[in-house]
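Student: I would like to learn how to read ring contacts. Where do we start?

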Amino acid sequence: FRIAIVHFVLDIILIIEQRKRKSMKFQRIQNLREDADLTQKELSEYLHISPRTYSHYENGTRNIPVEMLIRLANYYNTSIDYLVGRTDNPHWRKGDK
């Protein structure tokens with residue numbers, strides 16, 4: 001019984017940590033959108049998705065499909081690595097590694 005409780009608590013902690021990482025992971029798309037003075041609705045129209053779906057992407061409650069990451073990176077002239085937090089360099093040029 002005690003082991004089951006410990007596993008339950010650890011599962012809850014894991015879920016909380018995963019949600020925190022997801023929220024942090026996609027903060028940059030919100031920052032870029034706001035810096036460009038765009039609404040979620042305007043960007044969702046560009047991506048051909050609903051504003052609600054786009055909102056889920058920004059708040060980390062839904063993973064962003066690769067196709068959407070490519071579109072966003074192209075739109076903002078940055079890399080997917082920057083969007084997902086793998087680099088802090090927002091400037092990207094073809095051929096950069």
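Tutor: With a rule: a charge sits over a ring if NZ of Lys or CZ of Arg is within 6 Å of the ring centre and within 35 degrees of the ring normal. Here the charged end of arginine 28 sits over the ring of tyrosine 82, 4.2 Å from its centre. This is a predicted model: local features need pLDDT of at least 70, side-chain atom pairs count only at pLDDT 80 or more, and totals for chains, interfaces and linings use all residues. Residues are numbered from 1 along each chain as its sequence is written, and side-chain values use heavy atoms, without hydrogens and water.

Student: How many aromatic pairs are there?

Tutor: A pair of aromatic rings is described by the distance of the centres and the angle of the planes. Rings of Phe, Tyr and Trp (its six-membered ring) pair if their centres lie within 6.5 Å; planes under 30 degrees apart are stacked, over 60 edge-to-face, the rest tilted. That gives two aromatic pairs. Tyrosine 46 and tyrosine 75 are tilted, 4.6 Å centre to centre, with 50 degrees between the planes.

Student: Which helices hold tyrosine 46 and tyrosine 75?

Tutor: Helices are DSSP runs (H or I, at least four residues), numbered from the N terminus. Tyrosine 46 lies in helix α3 (residues 40-47) and tyrosine 75 in helix α5 (residues 66-76), so their pair ties together parts 29 residues apart in sequence.

Student: And the other pair?

Tutor: Tyrosine 75 and tyrosine 76 are edge-to-face: 5.1 Å centre to centre, 90 degrees between the planes.

Definitions and conventions:
Helix = DSSP H or I, 4+ residues; strand = E, 2+ residues; numbered from the N terminus.
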